[in-house]
Amino acid sequence: MPDALEKEAVPTAGGPATVAVVEAGPAPGRARSLWSDAWRDLRRKPTFVIPAFVIALLLVMAAFPGWFTSVSPREADLANNFLREPELTHFFSPEWLGYNQQGQSIYARMIYGTRASIVIGISVTALVLVFGSLVGMLAGYFGGWIDGLLSRVIDIFLGIPFLLGAMVVLVSFDTRTEWTVILALAFLGWTTIARVMRGSVISIKQSDYVVAARSLGAGTWRILLRHVLPNAAAPVIVVAMIALGGYITAEAVLSFLGIGLTEPAISWGGDINRAGGQIRTASFLLLYPSLLLGITILSFLMLGDAVRDALDPKLR
Amino acid sequence: MGRYVARRLLQMIPVFIGSTFIIFMMMYALPGDPIRALWGERAPDHAQMAAMREELGLNDHILKQYWDYLLGLLQGDFGTQIRSRREVTEVIGDALPATLRLTVMAFSIIVVVGIGLGLVAGLRAGRKTDTAILFVTLLLISLPVFVIGYLYQTYPGQQWGWITPVVQDSENWGDLLLPALALASLSLAYVARLTRSSIVENRRADYMRTAKAKGLTRTRAVRVHLLRNSLIPVVTFLGVNLGELMTGAIVTEGIFNIHGIGRLVYSALNEREGATVVGVVSFVIVVYLVVALIVDLLYAVLDPRIRYA
C-alpha cells in the first residue's frame with residue numbers, strides 16, 4: 001500500500017481537482033503510476049513518436065552501418081571522385097550526396113559517423129546520470145556537513161566552463177578515442193544532474209510518505225532506493241535527456257575544433273570542419289553532415305521536451 | 001545587503017581556488033610539453049630547454065607551482081606567456097576588447113530578441129505565432145554554433161552580400177553583427193523558450209487576476225506584473241550563460257577571423273601554452289562568479305519578497 005500512495009502523491013501535487021479524485025476512495029483496478037500515465041500520453045503524440053522513430057533509426061545506423069551503405073567510408077578514389085557533385089536522384093547509393101576532397105563518399109561517411117555521436121551522447125549521459133544522481137541524492141538527503149562539502153564540490157565544477165574545460169583535458173592526449181571524449185565530458189558535466197537531484201530530494205524528504213516510511217522503521221538505503229529515488233527520478237531523467245543532445249553537440253564542436261576524436265575515427269564534427277574550407281566551391285560537403293547532425297540533436301531535444309511535458313503534473 | 005555581498009565574496013574564494021586548481025592540474029599534470037613545443041619539428045637544444053624550465057619554475061613540484069601561481073594571482077600576476085615572454089595579463093588585455101565587444105553585442109541580442117520572442121509566444125500560447133516561434137527556436141537549438149556560423153557566413157554574407165562575411169575591423173560594430181548573431185543564436189533560443197514557459201505558467205496566476213480585477217490595463221499588467229515575475233528563471237539562465245558565451249566565442253572567432261580571447265585560448269591550447277590557458281580560464285571563472293553574484297542580487301530587484309540581510 002505505501003507504494004500506491006507514494007506514486008499517487010506526485011500527480012496530485014498539481015491541483016486541487018486531482019486531489020479530490022484520489023481522496024474519494026480507492027480507484028477501481030490498479031492505480032496508474034506517473035510513468036504509465038506518461039506513457040499513455042506519449043504514445044499518441046507525434047512530437048514523441050516521430051523523434052523516437054528517428055532515434056531508433058539512428059541507433060540502428062550506429063550499430064549496423066553496413067546495412068545502409070555498401071562502400072567503406074575510408075575508400076578514397078581521387079581520380080574519379082574528387083569533389084564530385086551529389087546525384088540527388090540516386091537514393092542511398094555512394095554517390096547520392098557527393099564525394100569529399102579525398103574522393104570519399106559523403107553518404108557513407110555520414111552513416112559511419114553516426115556511431116561516434118550516438119555512443120558518446122548516450123555514454124556521457126549514462127555516466128553523468130549515475131554519478132550526478134548519487135552525489136545529489138547524498139547531498140540532499142543527509143544535509144549538514146555532507147551537503148556543505150558536496151555542494152562546494154559541485155560549485156567548483158560548475159565554475160569551470162564546460163567546453164573550455166573539456167578542451168583543456170582533451171588537448172593533452174595525442175590520440176583521442178571515444179572513451180577519452182566520454183570521460184572528459186562526463187568529468188565536467190555531472191554537476192547539472194547533481195544539482196537537480198539535490199533539489200528534488202530536499203523537497204521529497206520532508207513529504208509524508210518518507211516520514212511514514214521512516215517511522216515504520218525503514219532503513220536509510222531502503223528509503224533512498226524505494227521511496228526517494230523513484231519520486232525524484234522524473235525531473236532528473238528529463239534534464240538528462242535534454243542534456244544528451246547537448247553532449248552530442250559538444251562532441252561535434254570539439255571534433256570541429258580538432259580537439260575531439262582523432263583520425264582514423266569518423267565524426268560529423270570533423271567532417272564539417274574539413275568542409276569549412278571548401279564552403280564557396282562545394283557547399284554540399286558542409287550541408288548534408290550538418291543536416292544529419294541537426295536532425296539528431298533535434299530528435300533528442302524533442303524527445304526530452306515531450307517526456308517533460310508528459311511527466312509534469314502541473315500541465316495535467 | 002552589504003553583509004550578504006561580503007559573505008558571498010568570501011564564499012567565492014574556495015570555489016575560485018578549487019576551479020583554478022582543477023584547471024591547473026589538468027593543464028600541467030597531463031602529458032604535453034610547452035617547452036618542447038617551442039621547437040616544433042626541429043631538434044631541440046637540450047641545454048636551452050633545461051634553462052628555460054628552470055627559469056619558468058617548471059622543475060618545481062606541481063603543488064609548489066600552483067601555490068606560486070596562486071600567490072601571483074593575488075597580486076594580479078597571471079604568469080608569463082612562454083613563447084613571447086609577455087605578461088599573460090597583457091596578452092589577455094590585447095585580446096579582450098574584441099571579445100568583449102562581440103560578447104556584449106551577442107548578449108544584447110539575446111536579451112532583447114530572446115525575451116521579446118518569448119513574451120510574444122507566451123502571450124499567444126497555442127496559436128500560430130507561438131508554434132512558429134517554438135519551431136524556429138528549436139531549429140536554432142539543434143544546430144551547433146559552427147553550422148550556424150557557416151550558414152550566416154555563406155548566405156547573408158557571401159551569396160546575398162548583405163553584410164561582410166569576415167570581420168576585418170573588430171572595432172566596427174557592423175562587421176561584428178554576423179558573428180554576434182551566430183554566437184547569440186543558441187542562447188537566444190533558450191531564453192525565448194524559457195521566457196515563454198515562464199509566461200505561460202504565470203499568466204493564470206492569482207496576482208494576474210488581481211491586477212486585472214483592480215482595473216489595470218493589459219499592457220501594464222503584463223509589463224509590471226507578469227514579465228517581472230516571469231524573468232527570474234531567465235535571469236538565472238542569462239547569468240550562467242555569460243561564461244558559456246565566452247567559450248562559444250572560440251568557435252565564432254575562429255570562423256569569422258576575430259582576434260580575441262577565443263583565438264588566443266585556442267592557439268594556446270594547441271601549443272600547450274599552460275600559463276595562457278590557465279590565465280584565460282581563471283579570468284573566465286572570475287567573470288562567471290561575479291555574474292552569479294550579480295544575478296543573485298537581481299533576484300531581490302525582481303522579487304521584492306527576497307531580502308538579503
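Over residues 48–68 of chain A, the chain is 76% helix and 0% strand, and the end C-alpha atoms stand 25 Å apart; helices (H or I, at least four residues) and strands (E, at least two) are DSSP runs, numbered from the N terminus. This is a predicted model, in which local features need pLDDT of at least 70 and side-chain atom pairs count only at pLDDT 80 or more, while totals for chains, interfaces and linings use all residues. Residues are numbered from 1 along each chain as its sequence is written, chains are lettered from A and ligands numbered from 1 in the order in which they are written, and side-chain values use heavy atoms, with hydrogens and water left out.

The span 48–68 is one of those that UniProt lists, in an unreviewed entry, under "transmembrane region" for chain A, and the list also includes 235–261. UniProt positions are given in the numbering used here, feature names are shortened, and annotations may be inferred rather than shown by experiment. The two spans are set out below.

As for confidence, the model scores ipTM 0.82 and pTM 0.82. The mean pLDDT (the predictor's confidence in each residue, from 0 to 100) of chain B is 83, and 93% of its residues reach 70 or more. Within chain B, confidence is lowest in helix α2 (residues 34–37), at a mean of 71, and highest in helix α5 (residues 88–123), at 90.

Chain A brings 40 residues and chain B 37 residues to the contact between them, where contact means heavy atoms within 4.5 Å. Together the two chains bury about 3,600 Å², 77% of it on carbon and sulfur atoms; buried area is the accessible area (1.4 Å probe) that two parts lose on being put together, summed over both.

Across this interface the rule finds one salt bridge, defined as a side-chain nitrogen of Lys or Arg within 4 Å of a carboxyl oxygen of Asp or Glu. B:Arg193 forms a salt bridge with A:Asp305, with the closest N and O atoms 2.8 Å apart. On the side of chain A that touches chain B, α7 (144–159), α8 (162–171), α12 (220–256), α13 (268–276) and α14 (284–311) each supply at least two residues, and α14(A) gives the most, with nine residues.

The structure holds 14 salt bridges over all chains. One pair is A:Asp271 with A:Arg109, whose closest N and O atoms are 2.9 Å apart. This pair links distant parts of the chain, with A:Asp271 in helix α13 and A:Arg109 in helix α6 (residues 106–142) of chain A, 162 residues apart.
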